Amino acid sequence: MAFTPYHNINGATAQVNELIAINDISKDKISSVQITNTDDAVVTIDLYIFKESTDTTASETYYFLNTVKIPVGVSLVLDNPKVLAFDSTTFSLYIKVGASDTVDVMIKK
């Protein structure tokens, strides 16, 4: 999957969405992530990296944001590249939203 900087996320379609797949970006190359509530109610999101299990290792999940509520009409911006850095050769970036939540996500490299 090629890197896509813009995402319209609809929880009714898929609650867990892969934003960046393994090897889609160079290591440590995200400068910011903006998540905008486009719903007419408060949305709850998780933003995390995930590594699949192998024959010798268990899967791993590390949260940037966990059950964060974003009010109507508000954007949440994460803009510290050091905080957003992860090994994109082994981890993917995911967002999870509620079943009826809608958000826009913009990722800047």
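Here are some questions and answers about the sheet and the aromatic rings of this predicted model.

Residues are numbered from 1 along each chain as its sequence is written, and side-chain values use heavy atoms, without hydrogens and water. Because the model is predicted, local features need pLDDT of at least 70 and side-chain atom pairs count only at pLDDT 80 or more, while totals for chains, interfaces and linings use all residues.

Visitor: In what order do the four strands of the open sheet stand?
Guide: Strands here are DSSP runs of E with at least two residues, numbered from the N terminus, and two of them pair if DSSP finds at least two bridges between them. The pairing in this sheet is antiparallel, and the order is 1-8-3-6.

Visitor: How is the aromatic pair of Y48 and Y94 arranged?
Guide: A pair of aromatic rings is described by the distance of the centres and the angle of the planes. Rings of Phe, Tyr and Trp (its six-membered ring) pair if their centres lie within 6.5 Å; planes under 30 degrees apart count as stacked, over 60 as edge-to-face and the rest as tilted. Y48 and Y94 are 5.7 Å apart centre to centre with 10° between the planes, and the pair is stacked.

Visitor: How many residues apart in sequence are the parts that Y48 and Y94 tie together?
Guide: Y48 is buried at 9% relative accessible area, where buried means under 20%, exposed over 50% and partly exposed in between (1.4 Å probe, protein chains only). Y94 is buried too, at 16%. Y48 lies in strand 4 (residues 43-51) and Y94 in strand 7 (residues 92-97), so the parts tied together are apart in sequence by 46 residues.

Visitor: What kind of pair do Y62 and F91 form?
Guide: Y62 counts as partly exposed at 43% relative accessibility, whereas F91 is buried at 11%. Their ring centres are 5.8 Å apart and their planes stand at 65°, so the pair is edge-to-face.
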